[in-house]
Amino acid sequence: MINILWGVLIVIGIVYSFVTGNITTINNEIILSSKSALDMILEMLPILVLWMGLMKIAEESGLLKKLANLFYPILSKLFPSLPKGNPALGYIASNVAVNMMGLGSAATPFGLKAMEEMQKINPDKKCATEAMITFLVLNTSGITLIPTTVISLRLLNGSANLTEIVLPSIIATTIASIGGLTLDYLIRRKNR
Amino acid sequence: MNIISSAIIPIIVIFIIFYGYRKKINIYDSFLKGAKEGLVSTFNIFPSLLAMVFAINIFLKSNFIEFALGFLKPLFNFLKIPLEILPMAILRPISGSSSLAIMNNLFASFGPDSLIGRLASVIQGCTDTTFYVMALYFGSVKIIKTRYALKAGLFADLCGIVSAFVVVKIFFG
């Protein structure tokens with residue numbers, strides 16, 4: 001699906017800009033987009049290196065395993081294919097917890113480590129496993145209890161009540177997660 | 001609220017270090033080992049991130065979205081949802097930075113406490129950028145066949161955005 005979508009986005013973009021005579025913009029964008037991808041990765045690099053270093057300490061000291069076991073009762077329902085004691089569960093728990101606090105960029109390294117651990121027990125290295133997809137759904141629906149970015153931008157724009165949107169956001173994000181996880185569950189059951 | 005969120009990360013850091021000490025592992029060596037792995041991960045992510053940014057930026061800069069939005073306008077009018085919020089609702093799963101930019105513009109022109117401002121806040125806060133998360137997570141472990149991941153991810157976004165409209169209506173009338 002992503003295969004088709006990727007091509008479609010590019011083709012639509014270029015064809016439409018030919019039709020509207022907007023081709024110079026696209027020409028520039030082709031050159032600039034690779035630059036902005038590089039900027040993104042450079043912004044991410046130090047955070048990833050730092051947190052992956054810290055997490056290695058958590059992993060080798062057994063802290064992560066402890067965390068994984070603590071949340072096992074809940075996580076085993078969502079990720080039935082991950083065996084108890086698998087380090088991926090610890091990373092998933094950390095990722096979700098940090099995401100909830102609205103610290104998205106600090107959550108990414110945990111997520112990447114979770115993917116790495118899930119990949120280790122993946123029989124087909126090119127193909128996503130069910131657990132990976134469930135984890136992805138959990139992440140894209142982004143369960144956030146404190147939407148930090150939104151709150152700070154509201155502050156900048158002079159909101160009289162910064163946090164009035166917190167409860168509605170929590171409700172909406174919960175519905176998003178439930179919706180995504182339900183579809184994920186239904187597809188998994190159908191595939192069996 | 002602010003103090004709590006700025007204290008979380010330092011607390012996590014000190015807890016990890018302390019726990020490592022107590023279990024008598026070589027924390028400095030572990031750190032360097034992990035940091036090196038972090039470098040490799042970042043390296044692995046780059047191609048898929050670039051691919052995604054490339055396709056999405058071309059698509060966005062062509063202004064095709066504005067053209068496509070024309071078809072959704074009657075539906076939004078019917079549901080009495082302000083049209084200004086439409087681009088943001090569509091862009092949220094595709095590009096985090098553009099939806100953030102739109103939100104900021106909406107705050108500037110309508111105010112964060114307007115209906116539009118509240119809608120924008122909840123839409124921004126309720127989901128994450130599916131395309132970006134997919135490129136990042138699957139790219140890092142070189143997964144090519146993503147199966148039903150996009151479908152499930154976008155469905156979650158759809159649920160989030162639709163409920164954002166409903167919840168804001170209920171909360172703020």
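Helices of at least four residues and strands of at least two are DSSP runs, numbered from the N terminus. The views below are taken from a predicted model.

Figure 1. The C-alpha trace of chain A spans about 60 × 50 × 35 Å along its principal axes. Of the 192 residues in chain A, 46% are buried. When contacts in chain A between residues at least 6 apart in sequence are considered, 55% join residues at least 24 apart. Chain A is divided into domain 1 (1-48) and domain 2 (62-191), and the C-alpha centres of these two domains lie 28 Å apart.

**Figure 2. The contact between chain A and chain B.** Chain A contributes 85 residues to the contact and chain B contributes 83 residues. On the side of chain A that touches chain B, two or more residues come from each of α1 (2-19), α2 (23-60), α6 (104-120), α7 (130-140), α8 and α9 of chain A. The largest share of that side, 22 residues, is supplied by α2(A). By residue class, the side of chain A that touches chain B comprises 48 nonpolar, 30 polar and seven charged residues.

**Figure 3. Helix α7 of chain B and its surroundings.** Helix α7 (residues 115-126) of chain B has 12 residues, which at 1.5 Å a residue should span 16 Å; its end C-alpha atoms are 16 Å apart, in agreement with that value. The helix is mostly covered, with 11 of its 12 residues buried; among them are I116(B), R118(B), V122(B), Q124(B) and C126(B). Within chain A, the buried residues of α7(B) pack against α8 (148-156) and α9 (166-191). Within chain B, they pack against α5 (86-91), α6 (96-110) and α9 (149-172).

**Figure 4. Close-up of V122(B) and the largest nonpolar core.** Residues up to four places away in sequence aside, V122(B) touches I165(A), P168(A), S169(A) and A172(A) of chain A, as well as A164(B), V167(B) and V168(B) of chain B. The largest nonpolar core has 100 residues, and those that touch the most other members are I92(A), L136(A), M88(B), V122(B), I123(B), M134(B) and A164(B). Helix α2(B) gives the most to this core, with 12 residues. Domain 1 (1-48) and domain 2 (62-191) of chain A both give residues to this core, which therefore lies between them. In soluble globular proteins, nonpolar side chains tend to be buried together.

Figure 5. M52(B) is buried because 25 other C-beta atoms lie within 10 Å, where 20 or more are required. Apart from its neighbours within four places in sequence, M52(B) is in contact with F131(B), Y132(B) and A135(B). The C-alpha atoms of M52(B) and A135(B) are separated by 6.7 Å, although the two residues are 83 residues apart along the chain.

**Figure 6. Helix α9 of chain B and the residue that follows.** Helix α9(B) has 24 residues and reaches 34 Å from its first C-alpha to its last, close to the 34 Å expected at 1.5 Å a residue. Just after α9(B), G173(B) takes a positive phi of about 65°.

Methods. Residues numbered from 1 in each chain as written. Chains lettered and ligands numbered in written order. Predicted model: local features only at pLDDT ≥ 70, side-chain atom pairs only at ≥ 80, totals over all residues. Expected span 1.5 Å × (residues − 1). Contact = placed C-beta atoms within 7 Å. Nonpolar A, V, L, I, M, F, W, Y, C, P; charged D, E, K, R; others polar. Domains from an automatic or database assignment. Core = buried A, V, L, I, M, F, W, Y, C linked by C-beta atoms within 7 Å.
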